[in-house]
Amino acid sequence: MAISTARLSTPSSNQSVSVVRLIQNRVEQKMKRALPFIIIVVVLAAGITLAWSFLRSNAVAPAPPPAGNNAPGAAATANTPAASNTSEPGAEPAHALGNANAPVRLEEFGDFECPPCGMVHPVLKNLEAQYGPAKLRLVFREFPLVPAHVHALAAARAAEAAGLQGKFWEMHDLIYENQKAWHDAFDVRPIFEGYATTIGLDMDQFRRDQASEFVERRIFLDGKRGHAMGVQGTPTIFLNDRELPFETLAPDKLKAAIDAELAAHP
Amino acid sequence: MSETNPEANQLKPARRASLLYGIASIVSLVGLVDAIYLTVEHLSGRSVRCTLSGCSEVLSSPYASVRGVPLAGLGALAYFTVFSLATLAAFGYRALGKLLALVVGLMFLTTLWLLYLQAFVIGHFCQYCLLSALVTTTLTVLVIAATRASRTAAATQRG
């Protein structure tokens with residue numbers, strides 16, 4: 001200690017101390033100027049991370065509603081044993097066209113925003129017209145690929161909400177047929193509300209249903225069935241519970257598969 | 001001691017302004033988180049979990065977006081702007097205080113309009129929107145106080 005104080009008292013070391021202080025001050029000043037910008041950048045990064053984590057938490061299939069919530073029917077179907085070969089029945093009643101006892105049953109797991117699903121839609125519609133309800137039953141299951149498709153869940157909700165007013169297929173067709181029109185929209189709600197008006201839905205009920213836990217539960221149950229059946233992407237189509245390879249979804253191949261099935265079960 | 005006291009008094013309004021800008025920047029973070037949450041929920045089409053009843057009515061109303069841009073997204077942008085300006089102002093970039101006052105003033109007017117829509121047009125309130133209204137109102141009060149303090153500080157410095 002004695003040595004260091006002695007050193008400090010010499011004029012030359014006094015000078016060096018003041019130089020050090022000057023440098024320190026300048027560094028501090030610069031730091032002080034930069035600090036708010038650093039804080040802003042940190043907050044920006046935190047904000048982006050937060051948005052990402054909110055999105056990620058949405059990416060998981062919708063959570064089942066808490067006990068005691070108004071989801072009539074959903075609770076009853078949740079633990080019902082399977083009607084088909086999987087343990088997950090999906091949302092019930094399923095959206096289906098054609099007779100329940102038709103020999104051929106095509107079950108599509110679809111995402112309204114996926115372009116191949118949009119391309120398969122007219123093919124299935126043609127088949128439905130060609131074979132008729134006695135031979136062919138079409139079932140649609142919700143399988144929105146969130147978050148890859150940002151509007152897929154909103155589309156599924158809109159279709160399900162229309163379903164609660166008995167117009168699932170009308171909405172399903174409009175959403176698929178106009179896929180290109182809403183695909184790149186930033187906000188799809190007004191567009192889907194437009195479709196709801198077109199098919200004559202009660203708008204107040206439609207808006208309420210879209211956001212309801214009941215609709216969420218239906219989508220969740222369909223997704224659960226899809227996962228249980230090994231669905232990886234969309235569209236995945238099952239012909240009498242047998243998965244059709246993606247390559248066979250071309251019109252002629254699909255028709256051939258149905259004909260083969262009809263021949264096997266006349 | 002007697003020499004340093006008046007100097008400290010002279011610095012007081014400036015310090016008060018810094019403090020108020022600092023508080024404003026922290027308060028704006030609450031609004032930012034709120035707005036980010038609503039934007040993500042809006043874009044994912046997911047229903048927002050609310051303890052008040054009117055959330056889905058408000059958030060799925062046509063007023064929830066402006067020409068396809070979700071209002072919550074604009075809110076997030078506005079809160080981030082306020083945060084940045086308030087932080088800079090707190091660290092001595094006082095010239096930005098005027099711009100901050102302008103942005104917050106516009107936000108306050110927007111808030112009044114949105115409260116009117118919720119009360120008289122949609123007929124439902126959503127708690128996230130009310131939180132945002134509270135944050136913006138608090139920011140308005142803070143920024144007015146900070147602007148006054150920094151004006152007083154500038155006047156005393158000149159004097």
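Is B:Thr140 buried or exposed?

1. At a relative accessibility of 13%, B:Thr140 counts as buried, where buried means under 20% relative accessible area, exposed over 50% and partly exposed in between, with a 1.4 Å probe and protein chains only. B:Thr140 belongs to helix H5 of chain B, residues 127-158; helices (H or I, at least four residues) and strands (E, at least two) are DSSP runs, numbered from the N terminus. Apart from neighbours within four places in sequence, B:Thr140 is in contact with B:Val104 and B:Phe108, contact meaning heavy atoms within 4.5 Å.

2. On the basis of the model: it is predicted, and local features need pLDDT of at least 70, side-chain atom pairs count only at pLDDT 80 or more, while totals for chains, interfaces and linings use all residues. Residues are numbered from 1 along each chain as its sequence is written, chains are lettered from A and ligands numbered from 1 in the order in which they are written, and side-chain values use heavy atoms, with hydrogens and water left out.

3. B:Thr87, in helix H3 of chain B (residues 71-90), is buried with a relative accessible area of 4%. Not counting residues up to four places away in sequence, B:Thr87 touches A:Pro36, A:Ile39 and A:Ile40 of chain A, as well as B:Ser25.

4. The largest nonpolar core has 40 residues, of which B:Tyr21, B:Leu32, B:Tyr79, B:Val82, B:Leu100 and B:Leu139 touch the most other members; such a core is a set of buried Ala, Val, Leu, Ile, Met, Phe, Trp, Tyr and Cys residues joined through side-chain atoms within 4.5 Å. At least two residues of this core come from each of helix H2 (11-59) of chain A and, in chain B, helix H1 (4-44), H3, helix H4 (96-122) and H5. H3(B) supplies the largest share, twelve residues.

5. A second, separate core of 25 residues includes A:Cys114, A:Phe140, A:Ala154 and A:Ala196.

6. Strand S3 of chain A (residues 136-142) is largely enclosed by the rest of the structure, because seven of its seven residues are buried. One side carries A:Leu136, A:Leu138, A:Phe140 and A:Glu142, the other A:Arg137, A:Val139 and A:Arg141, and all are buried.

7. S3(A) runs antiparallel to strand S1 of chain A (residues 95-97), joined by three bridges, with A:Ala96 partnered by A:Val139; two strands pair if DSSP finds at least two bridges between them. With strand S2 of chain A (residues 104-110), S3(A) pairs in the parallel sense over seven bridges.
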